Amino acid sequence: MNQTNSATKNQSQQIQTVAQTRLWTALVTPMLLNGDVDFVTLEKLAIEQANAGNGIALLGSTGEGLALTPTEQLSVVKCVSALSLTVPLMVSVGGYNLPNQLAWISQCNDLEISAYLLTCPIYTKPGEVGLTHWFSELLEQSEHPCMIYNIPSRSGINIPLAVMKNIQSHKNCWAMKEASGDMDTFKSYAQQCPELDIYSGEDAMVAHLLEAGVKGLVSVAANVWPQATHRYVNMALAGQHQTLFPIWDKAVEVLFQVASPIPVKVLMHLTNRLNYPTLRAPLTALEITDNPFALKSLMAIDIEINQWLEQSQS
């Protein structure tokens, strides 16, 4: 087999592997009290997600990727990839400096990872031509399947349909994470980009998007409820919606009562998954910890979700 055929076969195998993963946990980055990355806890969290059968996405907004230094970012990926987990590992590519993002992909290409999450560049609000160039360059640099990330609440724009049509046939373009929160927007991407697997980036919406062709979820909630969220997604994709509402809508509302990942880190600390609820400024756990009602709501929904999981398995 020549090198071209071998590379094509390997790419096909990689895409098949990541495409089988229905739930990706947008993993938090645990930190010590002084703000340094807590690598011991990071390993424990990654293993916990793998044991639940969840793919792992590193250094997205939930992982406070842009608040970490480049050295810290690389250390996080090296730490988790060295665990040789049985689930795929996806690495976020964010920011707005193209040469830096290309260099980042080049570094990560040499590590044991499975995929990239390519984010629409923040702050700049590029047009169709600029976005097509941006994603095309990143896709070409990658040696792994890529998920395109539409997150207008953070980037300022929806990725134009024309851009997705332009890039969907690239050999490395496998999926899209759609987090606009708008069902019509999700449906438009699903209908107009049939070559892509479309994942929900909104925990509460996955159960509502079955008819629109949703393939899975990239989740914040799975950080604190790895097994329960895994079951929630499987039930939603199987059309078993009877017990999913209103409890999961309520759970998501509580976890996003202030900017993510503040609530989820606080709850993970309260349930002994994190040693500290430390975040990088300007985010702070004080948004929750100084609010007794918010703390009470977090603990209450944790009890409810764990009871739901037990009941759903009986």
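# Close-up views of a predicted model

**View 1. Helix H11 meets helix H13.** The axes of helix H11 (residues 262-270) and helix H13 (residues 292-313) come within 10 Å and cross at roughly 65°. That angle makes H11 roughly perpendicular to H13. As this is a predicted model, please read each view as a description of that model. The crossing of H11 and H13 is right-handed. From H11, the residues that take part in the contact are Pro263, Val266, Leu267 and Leu270, and they meet Leu295, Leu298, Met299 and Asp302 of H13. Sorted by class, this contact of H11 with H13 has seven nonpolar residues, no polar ones and one charged residue.

**View 2. Helix H2 meets helix H3.** Here is another pair of helices to explore. Two packed helices are described by the angle between their axes and the distance between the axes. For helix H2 (residues 39-51) and helix H3 (residues 70-81), the axes come within 10 Å and the crossing angle is roughly 50°. This makes H2 oblique to H3. H2 and H3 cross in the right-handed sense. On the H2 side you can find Phe39, Leu42, Glu43 and Ala46, which meet Ser75, Val76, Cys79 and Val80 on the H3 side. The classes in this contact of H2 with H3 are six nonpolar residues, one polar and one charged.

**View 3. Eight strands form a closed barrel.** Follow the strands in the order S1-S2-S3-S4-S5-S6-S7-S8 and you will see the eight of them close into a barrel with parallel pairing. From one strand to the next, the twist averages 25°. Strands of a sheet pair through backbone hydrogen bonds, either parallel or antiparallel. For a closer look, pick strand S2 (residues 55-58) and strand S3 (residues 89-93), which run parallel and are joined by three bridges.

**View 4. Strand S5 sits inside the structure.** Leu117 has Met147 in S5 as its bridge partner. Is strand S5 (residues 146-150) buried or exposed? Five of its five residues are buried, so S5 is largely enclosed by the rest of the structure. In a regular strand the side chains alternate between the two faces of the sheet. Both faces of S5 are covered, with Cys146, Ile148 and Asn150 buried on one side and Met147 and Tyr149 buried on the other.

View 5. Next, look for helix H9 (residues 226-237), which lies across strand S1 (23-26) and strand S8 (216-219). Relative to S8, H9 runs at about 155°.

View 6. You will find Ile247 in helix H10. With a relative accessibility of 15%, Ile247 counts as buried. Which residues does Ile247 touch, leaving aside those up to four places away in sequence? They are Ile301, Glu304, Ile305 and Trp308. Take Ile305 as an example: 58 residues separate Ile247 from Ile305 in sequence, yet their C-alpha atoms are 7.5 Å apart in space.

View 7. Most residues other than glycine have a negative phi, and most peptide bonds are trans. Phe245 and Pro246, however, are joined by a cis peptide bond, with omega about 0°. Pro246 belongs to the loop between H9 and helix H10 (247-255). Another cis peptide bond links Ala281 and Pro282, this time with omega about 15°. Where is Pro282 found? Its place is the loop between H11 and helix H12 (286-289).

View 8. Ser84 is not a glycine, yet its phi is positive at about 50°. This residue lies in the loop between H3 and S3. Ser84 is exposed, as its relative accessible area is 60%. Tyr123 is also a residue other than glycine with a positive phi, near 70°. Look for Tyr123 in the loop between strand S4 (115-119) and helix H5 (128-141). Tyr123 has a relative accessible area of 68% and is exposed.

Methods:
Residues numbered from 1 in each chain as written. Predicted model: local features only at pLDDT ≥ 70, side-chain atom pairs only at ≥ 80, totals over all residues. Heavy atoms only, no water. Axes fitted to C-alpha atoms, helices over the stretch in contact; angles between N-to-C directions. Helix = DSSP H or I, 4+ residues; strand = E, 2+ residues; numbered from the N terminus. Parallel < 35°, antiparallel > 145°, perpendicular 65-115°, else oblique. Left-handed = near helix turned anticlockwise from the far one by under 90°. Contact = heavy atoms within 4.5 Å. Nonpolar A, V, L, I, M, F, W, Y, C, P; charged D, E, K, R; others polar. Pairing = 2+ DSSP bridges. Buried < 20%, exposed > 50% of the residue type's maximum accessible area, 1.4 Å probe, protein only.
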